[in-house]
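Open the model in your viewer and keep the selection tool at hand. We will go from stop to stop, picking out residues and seeing what is there.

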Amino acid sequence: MPIPFVEPFRIKVVEPIRQTTRQERVQILQDAHHNLFGVPAEDVFIDLLTDSGTNAMSDRQWSAMMQGDEAYAGARSFGRFEQAVQEIMGFPHVLPTHQGRGAEGVLFQTLVQAGQSVPNNRHFDTTQANLLALGAHPVDLAVDAASDPQVQLPFKGNMDLDKLARFIETTGVENIPLGMLTITNNSAAGQPVSMENIRQVSALYREHHIPFFMDACRFAENAWFIQQREPGYEERSVREIALEMLSYADGCTMSAKKDAIVNIGGFLACRDETLKLRFSEKLIVREGFPTYGGLAGRDLEAIAVGLHEGTDEAYLAYRESHTRYLADVLAQAGLAVYRPTGGHAVYVDAAQTLPHIPPEQFPGVALANALYVEGGVRTVEIGSLMFSSEDPATGAFIPAPNELVRFAIPRRVYTRSHLDYVGEAAAALAAKAEQIRGLKITWAPELLKHFIARLDWVA
Ligand code: F0G
């Protein structure tokens, strides 16, 4: 039997995980108000809530951490971190931040005024919230195919160029302080963006003198997909592709918790020194001095090594196969899987899997709850709990573009038998899909409601 993939690493340290009983899990969910963010991690058997900061670091990263220089200013570790960002991503200037949203905060506080609009293929939740908190408007302009869980296209993360051109024309350049592009497109099922699309988005922003910042959290996975799927790039290395992709932008925000394979950290990078100084002013108030930005020296060391490991092609080949394997396992179990599979996660179409639950009863949350009960597997809804809104005039419920459940895969953490186990839990769930009920919100905050909302079953 041909094996689907083999891990390009061996295990040196293990962390025991504990299975709970079904009865315990029903109680745990109730105590958590049916919000999986409220479930203690030790009560989760397989944790696919996020790929962010949940990665296993390598022996090289751990040993680099011992060399952390913890000086407040000008630490040697900053030099190594800066050199890695310059070498792998090509930006001359970089400011560390505590994580990706710290970089977003500094970027937007520096450039964005209330009432202005920022276009993106799709903003992720924290990017969206950072703009809303400033009174600005995040605008999503992904291609329509991004919302189609079945159509087989190589780059469903792309920006819709017609929509973007129209948006710039109707909004007016003076109301667009910067433009963004998220690679890969996390809110659209982790779909990649093509080099062709990056080039054209960049040209459009440049034509209108709109500064262009990429949300580069998963830039290595995006580069891998370009090498695998885009004609003309088959023979180019992932590192060359990454440098070309990022060369079209004026800067980027980065959550190192993703493709730099660490547990904490992020950065804001750019080409223009004046802009870097403006960012530094904001950074010092909120994150820290520009050579540490809210991180320890040892964190900077781990990121420097992780940027190299995250762009290693043997690792990326395994990463994609591993994710695709989970997609196949879930499809076989009877769940409606979004295709093609992205890099960091498998997305299940909850609307199709649970067609009897309407969007206002959060089919994604219902599915995630049911999966936890079946097997202690934790996933996250990326649907109407996260992204629905209200019509400002009528107060009517506007659902998210898709009702997805994301099975995010921590890097280098779970083996194939862990994925097979997730498949078994999914099959048990699929067998009783029609009995699964929808949920209603009993309490929620204004912004980022999915993190701490409380829910209960509908009668
Ligand atoms: N941009 C994207 C596309 C992201 O996926 C995330 C985080 C961020 C920005 C913010 O980075 O967490 O370091 O502050 N996404 C995580 C997730 C939380 O689960 O997808 P952060």
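Let's begin with charged pairs. The count comes to 21 salt bridges in this predicted model. Side chains of opposite charge can pair when their charged atoms come close.

**Stop 1: D47 and R378**

Select D47 and R378. They form a salt bridge, with the closest N and O atoms 2.8 Å apart. D47 belongs to strand 1 (residues 46-47) and R378 to strand 10 (residues 377-378), so this pair links distant parts of the chain, 331 residues apart. Are these two buried or exposed? D47 has a relative accessible area of 19%, and because buried means under 20%, D47 counts as buried. R378 is buried too, at 5% relative accessibility.

**Stop 2: D250 and R206**

Next, select D250 and R206. Their side chains meet in a salt bridge at 3.2 Å, N to O. D250 sits in the loop between helix 9 (238-247) and strand 7 (251-255), while R206 is in helix 7 (residues 195-207), so the pair ties together parts that are 44 residues apart in sequence. D250 is partly exposed, with a relative accessible area of 23%. R206 is partly exposed as well, at 40%.

**Stop 3: E221 and its partners**

Now move to E221, found in helix 8 (residues 219-229). Show R319 alongside E221: the two form a salt bridge, with the closest N and O atoms 2.9 Å apart. Here again distant parts of the chain are linked, since R319 is in helix 12 and E221 in helix 8, 98 residues apart. Both R319 and E221 are buried.

Apart from neighbours within four places in sequence, E221 is in contact with T184, D259, L316, R319, G343, H344 and R411. R411 also forms a salt bridge with E221, and there the closest N and O atoms are 3.6 Å apart.

**Stop 4: the two domains**

Zoom out and color the chain by domain. Domain 1 covers 22-51 + 313-457, and domain 2 covers 59-310. The contact takes 31 residues from domain 1 and 43 residues from domain 2. The C-alpha centres of the two domains lie 26 Å apart.

The size of an interface is often given as the accessible area lost when the parts come together. Between domain 1 and domain 2, the buried area is about 2900 Å², with carbon and sulfur atoms giving 54% of it. How many salt bridges cross this interface? The rule finds five. There are also 19 residue pairs in polar contact between the domains.

To see the domain 1 side, highlight helix 12 (313-333), strand 9 (345-349), helix 15 (384-387), strand 14 (404-408) and helix 17 (449-452); each gives two or more residues to the side that touches domain 2. Helix 12 gives the largest share, six residues. The residues of this side divide into 15 nonpolar, seven polar and nine charged.

**Stop 5: G297**

Finally, select G297 in helix 11 (residues 297-310). G297 is buried, with a relative accessible area of 6%. Leaving aside neighbours within four places in sequence, G297 is in contact with G68, D69, E70 and S77. To try your distance tool, pick G297 and Q191: they are 106 residues apart in sequence and 33 Å apart in space, C-alpha to C-alpha.

Technical notes:
Residues are numbered from 1 along each chain as its sequence is written. This is a predicted model: local features need pLDDT of at least 70, side-chain atom pairs count only at pLDDT 80 or more; totals for chains, interfaces and linings use all residues. Side-chain values use heavy atoms; hydrogens and water are left out. Domain bounds come from an automatic or database domain assignment. Contact means heavy atoms within 4.5 Å. Buried area is the accessible area (1.4 Å probe) that two parts lose on being put together, summed over both. A salt bridge is a side-chain nitrogen of Lys or Arg within 4 Å of a carboxyl oxygen of Asp or Glu. A polar contact is a pair of N or O atoms within 3.5 Å; within protein, one must be able to donate a hydrogen and the other to accept it, and residues adjacent in sequence count only if both atoms are side-chain atoms. Helices (H or I, at least four residues) and strands (E, at least two) are DSSP runs, numbered from the N terminus. Ala, Val, Leu, Ile, Met, Phe, Trp, Tyr, Cys and Pro count as nonpolar, Asp, Glu, Lys and Arg as charged, and the others, Gly among them, as polar. Buried means under 20% relative accessible area, exposed over 50%, partly exposed in between (1.4 Å probe, protein chains only).
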